[in-house]
Amino acid sequence: MSIDIEIGTSLSNEDAAHFAATTEAITSAMQRVRERHAAYSWVWTDEIRCRGCNASLDIPLLASTNVSADKAFQAHQSAQLDAFLAAGGHQRGEFG
């Protein structure tokens, strides 16, 4: 997935370059997170496990559906992306 945004003339060349570099860094980080945390497996009716990092993700027992599992897994991927970006794109061996 890429982020494609037209940069208007109101930005200076320096701001536009910074915006483009930031956009590229986020897009690259998103791709790396999706590669590392690509899928999950059901463990029990109230738990899924990330196949990439083996993290256990709880699913509400009464809402044990694929939709709930997908939402929990997307939240896990988002948290991984946030951590990756907060670490400046270098997370202790996790993303190489």
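Guide: Contact here means heavy atoms within 4.5 Å. The model is predicted.

Visitor: Against which element do the buried residues of helix 1 pack?
Guide: Helix 1 covers residues 13-36. Its buried residues are Ala 16, Thr 23, Thr 27, Ala 29, Met 30 and Val 33. The element they pack against is helix 2 (66-86).

Visitor: What span does helix 1 reach from its first C-alpha to its last?
Guide: Helix 1 has 24 residues, and at 1.5 Å a residue a span of 34 Å is expected. The model comes close to that, with a reach of 34 Å.

Visitor: In what order do the elements of the protein chain run?
Guide: The protein chain has 2 helices and 3 strands. Read from the N terminus on, the order is α-β-β-β-α.

Visitor: How is the aromatic pair classed, as stacked, edge-to-face or tilted?
Guide: A search of the whole structure finds 1 aromatic pair. The ring centres of Tyr 40 and Phe 73 lie 5.2 Å apart. Planes under 30 degrees apart would count as stacked and over 60 as edge-to-face. The planes here stand at 50°, so the pair is tilted.

Visitor: How many residues apart are Tyr 40 and Phe 73?
Guide: Both residues are buried. Tyr 40 belongs to strand 1 (residues 40-44) and Phe 73 to helix 2. The pair thus links distant parts of the chain, 33 residues apart.

Definitions and conventions. Residues are numbered from 1 along each chain as its sequence is written. This is a predicted model: local features need pLDDT of at least 70, side-chain atom pairs count only at pLDDT 80 or more; totals for chains, interfaces and linings use all residues. Side-chain values use heavy atoms; hydrogens and water are left out. Helices (H or I, at least four residues) and strands (E, at least two) are DSSP runs, numbered from the N terminus. The expected span of a helix is 1.5 Å times one less than its number of residues. Buried means under 20% relative accessible area, exposed over 50%, partly exposed in between (1.4 Å probe, protein chains only). Rings of Phe, Tyr and Trp (its six-membered ring) pair if their centres lie within 6.5 Å; planes under 30 degrees apart count as stacked, over 60 as edge-to-face and the rest as tilted.
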